[in-house]
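Keep the structure open as you read.

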Amino acid sequence: MNRIKNKWVLITGATSGIGRDTAILFARNQANVIITGRRENRLNELKQKLSGETGARILSYCFDVRDREACRKCVESIPHPVDILINNAGLASGKDPIDQGDFEDWDKMIDTNIKGLLSMTRFVSEKMRQRNEGHIINIGSIAGHEAYSGGSVYCGTKHAVKAITQAAKMDLTGTNIRVSAISPGLVDTEFSEVRFHGDKDQAKEVYKNLEPLTGMDVAEIIFFVANRPSHVNILDTIILPVHQSSATLVHRDEE
Ligand code: NDP
Ligand code: 8X3
């Protein structure tokens with residue numbers, strides 16, 4: 001059963017990876033999709049593709065989730081109530097040990113993964129409470145359930161996403177608003193290239209001799225979580241490739 005049809009779904013970070021595939025999947029399932037991100041050319045390309053292929057109504061807003069006023073302006077400009085907010089925009093920047101971490105990397109991760117997600121949630125949830133309906137879906141990570149060396153700040157931000165999800169669910173107790181987290185392991189997107197500051201070779205090593213998840217694998221789980229009957233709230237889901245068993249335990253085929 002498709003309960004998503006005609007819903008308005010706002011996806012942050014829809015220019016790449018999980019967010020882009022989620023936008024495609026929801027549009028193919030007749031949702032109206034609001035795509036956001038900082039790269040305007042990619043937003044335009046996706047908007048054109050989805051409008052042409054699916055006939056879904058697509059809106060796009062180009063902004064940085066670290067800019068709180070831009071988040072406010074986006075939410076205030078949307079001409080329809082947002083039924084589902086998918087807080088997906090996020091990144092890892094660097095993988096340095098704690099004593100060598102780069103403050104600029106740390107700020108980027110904290111300001112995007114925590115504060116950006118909070119800004120969007122604050123503005124959208126206020127309106128959801130007024131309507132007594134809605135669904136907030138936060139993209140967490142296995143790194144929000146476990147920590148690993150070199151991930152002190154990234155894992156810290158994703159642990160924060162887990163805590164924010166749990167507390168928001170409690171704050172909204174008694175309303176019809178649902179709150180969920182999606183916590184994937186290794187997904188082959190632009191994530192590792194961004195983490196290693198554009199070093200494609202280093203990024204490739206992350207997925208070497210292993211079949212990672214795809215953005216669409218995760219999009220399908222997001223869709224499943226969003227498409228439950230209105231009395232069902234999935235609070236979290238951990239999704240791993242079959243050859244990944246924890247944040248750090250990965251089996252790779254021999255060369
Ligand atoms: P990608 O790098 O492919 O996509 C990240 C998206 O986030 C892009 O659309 C990017 O858009 C957007 N984004 C990043 N920073 C900002 C910002 N400041 N303002 C607005 N948008 C921003 O990576 P993924 O698809 O893998 O990542 C999506 C989410 O999934 C992230 O939260 C990540 O932490 C999480 N995740 C990823 C995993 C993986 O292994 N890939 C595993 C578990 C979780 P633009 O640059 O145009 O702004
Ligand atoms: C991204 C997955 O394992 O690199 O959240 O932290 S991992």
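Tyr154 places a polar side-chain atom 2.6 Å from an oxygen atom of ligand 2. That is a polar contact (a pair of N or O atoms within 3.5 Å; within protein, one must be able to donate a hydrogen and the other to accept it, and residues adjacent in sequence count only if both atoms are side-chain atoms). Ser141 also has a polar side-chain atom by an oxygen atom of ligand 2, at 2.5 Å. For Tyr148, the distance from a polar side-chain atom to an oxygen atom of ligand 2 is 2.7 Å. The surroundings of ligand 2 consist of Ser141, Ile142, Ala143, Tyr148, Tyr154, Gly185, Phe191 and Arg195. A residue counts as near a molecule or strand if one of its heavy atoms lies within 4 Å of it.

The model is predicted: local features need pLDDT of at least 70 and side-chain atom pairs count only at pLDDT 80 or more, while totals for chains, interfaces and linings use all residues. Residues are numbered from 1 along each chain as its sequence is written, chains are lettered from A and ligands numbered from 1 in the order in which they are written, and side-chain values use heavy atoms, with hydrogens and water left out.

Turn to ligand 1. How many residues surround ligand 1? There are 29, and the closest are Thr15, Ser16, Arg38, Tyr154 and Thr189. Thr189 has a side-chain N or O atom 2.6 Å from an oxygen atom of ligand 1. Asn88 uses its backbone instead, with an N or O atom 2.8 Å from an oxygen atom of ligand 1.

Now the helices. Helices (H or I, at least four residues) and strands (E, at least two) are DSSP runs, numbered from the N terminus. Axes are lines fitted to C-alpha atoms, for helices over the stretch in contact, and angles run from 0 to 180 degrees between N-to-C directions.

Start with α1 (residues 17-28) and α8 (residues 215-226). Their axes are 8 Å apart, at an angle of about 50°. The two helices are therefore oblique to each other. Angles under 35 degrees count as roughly parallel, over 145 as roughly antiparallel, 65 to 115 as roughly perpendicular and the rest as oblique. The α1 and α8 crossing is right-handed; the near helix is turned clockwise from the far one by less than a right angle. Contact here means heavy atoms within 4.5 Å. On the α1 side, the contacting residues include Ile18, Leu25 and Phe26, and on the α8 side Met216, Ile222 and Phe223 are among them. By class, the contact of α1 with α8 has 10 nonpolar, two polar and three charged residues. Ala, Val, Leu, Ile, Met, Phe, Trp, Tyr, Cys and Pro count as nonpolar, Asp, Glu, Lys and Arg as charged, and the others, Gly among them, as polar.

Helix α1 also meets α2 (residues 40-54). Their axes come within 10 Å and cross at roughly 20°, so α1 and α2 are roughly parallel to each other. This crossing is right-handed. Arg20, Ala23, Ile24, Ala27 and Arg28 of α1 make the contact with Glu45, Leu46, Lys49, Leu50, Glu53 and Thr54 of α2. These residues divide into five nonpolar, one polar and five charged.

Helices α3 (residues 68-77) and α4 (residues 103-131) pack at about 30°, with axes 9 Å apart. They are therefore roughly parallel to each other. Arg68, Cys71, Arg72 and Val75 of α3 meet α4 residues including Met120 and Phe123. The contact holds five nonpolar, one polar and four charged residues.

Finally, the backbone. Most residues other than glycine have a negative phi. His197 has a positive phi, near 50°, in the loop between α6 (191-195) and α7 (200-206).
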